[in-house]
Amino acid sequence: MSPVEFNPHDRMIMVSQAKSLTWGCPNGQFKFSTCKVECQYHIVFIPKYRRKVLYGKIRVDVKEAITKLCAYKNIEIVSGAVCIDHVHLCVSIPPKIAVSKFVGYLKGKSALMIHDMHPDLYGKWDKAFWARGYFVGTVGNVTEEAIKKYIAEQEVYAKAEDQPKKRFF
């Protein structure tokens, strides 16, 4: 099973249908009255204990939850991948939203949504679906193409991990 890709086109349809959108452009730039800002971040986070649980229906549900939550905050997903034991996102966040607040919101609300969709997972980790930490890097010091290439390589790696392994004992 291949990792679920985030389709930026789907995200833009949701943003264009939103009635209260006051800022945000398709190219990831935010226009204000006095300036134009482009703030893109590469975010990586993992499930609790780095368990390999993001496969099958859970993988699709995680992608849907993240896409919905980003649409609620009018945050553009540039690219992303849900791998078997971690999630990669390249997002464009406006400067008035703190990255740490956004990641906390995204992980907290998505965990609640996942537990609502999969109550059988509820007792395993006591509502803590995601681990406490995360990685954030700005796209400014590394080009956007390099991050997209890295995420694509992670998808290939995740696809290889998804294949059943033969045991010799």
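A: The buried residues of helix 2 are Ile58, Arg59, Asp61, Val62, Lys63, Ala65, Ile66, Thr67, Leu69, Cys70 and Ala71, where buried means under 20% relative accessible area, exposed over 50% and partly exposed in between, with a 1.4 Å probe and protein chains only. The model is a predicted one, in which local features need pLDDT of at least 70 and side-chain atom pairs count only at pLDDT 80 or more, while totals for chains, interfaces and linings use all residues. Residues are numbered from 1 along each chain as its sequence is written, and side-chain values use heavy atoms, with hydrogens and water left out.

Helices (H or I, at least four residues) and strands (E, at least two) are DSSP runs, numbered from the N terminus. The chain holds five helices and seven strands, in the order β-α-β-β-β-α-β-β-α-α-β-α from the N terminus on. Of its 169 residues, 47% count as buried.

Helix 2 covers residues 57-72, and its 16 residues reach 23 Å from the first C-alpha to the last, close to the 22 Å expected at 1.5 Å a residue; the expected span is 1.5 Å times one less than the number of residues. Just after helix 2, Asn74 takes a positive phi of about 55 degrees. Most residues other than glycine have a negative phi. In the loop between strand 4 (40-45) and helix 2 lies Tyr49, with a positive phi near 60 degrees, and this residue counts as exposed because its relative accessibility is 60%. Arg50 is in the loop between strand 4 and helix 2 as well; its phi, near 50 degrees, is also positive, but at 41% relative accessibility Arg50 counts as partly exposed.

The axes of helix 2 and helix 3 come within 9 Å and cross at roughly 135 degrees, the axes being lines fitted to C-alpha atoms, for helices over the stretch in contact, with angles from 0 to 180 degrees between N-to-C directions. That makes helix 2 oblique to helix 3, since angles under 35 degrees count as roughly parallel, over 145 as roughly antiparallel, 65 to 115 as roughly perpendicular and the rest as oblique. Contact here means heavy atoms within 4.5 Å. Helix 2 contributes Asp61, Val62, Ala65, Ile66, Lys68, Leu69, Cys70 and Tyr72, and helix 3 contributes Phe102, Tyr105, Leu106, Lys109, Ser110, Met113, Ile114 and Met117. By class, this contact has twelve nonpolar, one polar and three charged residues, with Ala, Val, Leu, Ile, Met, Phe, Trp, Tyr, Cys and Pro counted as nonpolar, Asp, Glu, Lys and Arg as charged, and the others, Gly among them, as polar.

Tyr105 counts as buried because its relative accessible area is 19%. Leaving aside neighbours within four places in sequence, Tyr105 is in contact with Leu69, Tyr72, Lys73 and Ser110. The C-alpha atoms of Tyr105 and Lys73, 32 residues apart along the chain, are separated by 9.9 Å. For the chain, residues 24 or more positions apart account for 75% of the contacts with a separation of 6 or more.
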